[in-house]
Amino acid sequence: MSSNPPYAEPMRLALEQAHHASAGGDVPIGAVLIDPAGTVVARGHNEREAGCDPTAHAEVLAIRAAAARRRSWRLDDLTMVVTLEPCTMCAGAIVLARLARVVYGATDPKAGAVGSLWDVVRDRRLNHRPEVISGVLADECGAVLRDWFVQRRVDASG
């Protein structure tokens with residue numbers, strides 16, 4: 001892999017969003033939606049704790065922001081760049097928004113729905129299947145999550 005793989009720059013922006021989630025006491029997951037030129041259309045980070053909302057995942061918040069900005073739920077030219085493989089809810093939202101592509105960093109073997117545990121976005125029974133690119137800055141994305149969970153265990157024990 002090159003030192004600056006495709007989608008590395010937007011993934012770094014998603015990592016910035018993950019840090020915002022962490023600062024707010026939430027699991028550090030961040031997402032950005034970019035247009036074909038690479039311009040950021042929307043950003044999101046987990047806000048489940050801050051908003052007391054189980055649906056306030058980074059991906060869903062970014063999709064909501066992009067749809068509001070564009071005044072359309074059809075986001076078929078956008079790419080979702082997210083630090084962790086989306087869960088079933090977020091994968092469903094990606095399909096329903098008709099995103100062109102989903103790019104993620106770390107895999108989620110416990111709840112991933114873009115190939116790990118389930119593969120919602122490639123299910124041929126659904127009417128839309130975005131392109132999937134995985135493993136972009138995977139080590140960095142995984143480290144942010146691992147470090148956050150380690151710190152939570154340390155804080156809880158002492």
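With which side chain does the side chain of threonine 79 make a polar contact? The legends below begin with that residue.

The model is predicted, so local features are given only at pLDDT of at least 70 and side-chain atom pairs only at pLDDT 80 or more, whereas totals for chains, interfaces and linings use all residues. Residues are numbered from 1 along each chain as its sequence is written, and side-chain values use heavy atoms, without hydrogens and water.

Figure 1. Threonine 79 belongs to strand β3, residues 79-84 (strands are DSSP runs of E with at least two residues, helices runs of H or I with at least four, numbered from the N terminus). Its side chain makes a polar contact of 2.7 Å with the side chain of arginine 101. A polar contact is a pair of N or O atoms within 3.5 Å; within protein, one must be able to donate a hydrogen and the other to accept it, and residues adjacent in sequence count only if both atoms are side-chain atoms. Threonine 79 has a relative accessible area of 3% and is therefore buried (buried means under 20%, exposed over 50%, and partly exposed in between, with a 1.4 Å probe and protein chains only). Leaving aside neighbours within four places in sequence, threonine 79 is in contact with Tyr7, Val32, Leu33, Ile34, Arg101 and Val103, where contact means heavy atoms within 4.5 Å.

**Figure 2. Packing of helix α1 against helix α5.** Helix α1 (residues 8-23) and helix α5 (residues 138-157) pack with their axes 10 Å apart and at an angle of about 10°. The two helices are therefore roughly parallel. Axes are lines fitted to C-alpha atoms, for helices over the stretch in contact, and angles run from 0 to 180 degrees between N-to-C directions; angles under 35 degrees count as roughly parallel, over 145 as roughly antiparallel, 65 to 115 as roughly perpendicular and the rest as oblique. Met11, Leu15, Ala18, His19 and Ser22 of α1 meet Glu140, Cys141, Val144 and Trp148 of α5.

**Figure 3. An aromatic pair at tryptophan 148.** One aromatic pair is found in the whole structure. The ring centres of tryptophan 148 and phenylalanine 149 lie 4.9 Å apart with their planes at 85°, so the pair is edge-to-face. Rings of Phe, Tyr and Trp (its six-membered ring) pair if their centres lie within 6.5 Å; planes under 30 degrees apart count as stacked, over 60 as edge-to-face and the rest as tilted. Tryptophan 148 is buried at 12% relative accessibility, whereas phenylalanine 149 is partly exposed at 36%.

**Figure 4. Residues with positive phi.** Most residues other than glycine have a negative phi. Tyrosine 7, in the segment before α1, has a positive phi of about 70° and is partly exposed at 23% relative accessibility. Cysteine 52 lies in the loop between α2 (48-51) and α3 (58-70). Its phi is positive, near 50°, and cysteine 52 is exposed, with a relative accessible area of 72%.

**Figure 5. Helix α4 and its buried residues.** In helix α4 (residues 88-96), the buried residues include Cys90, Ala91, Ala93, Ile94 and Val95. The buried residues of this helix pack against α3, β3 and β4. Arginine 98, which follows α4, has a positive phi near 60°.
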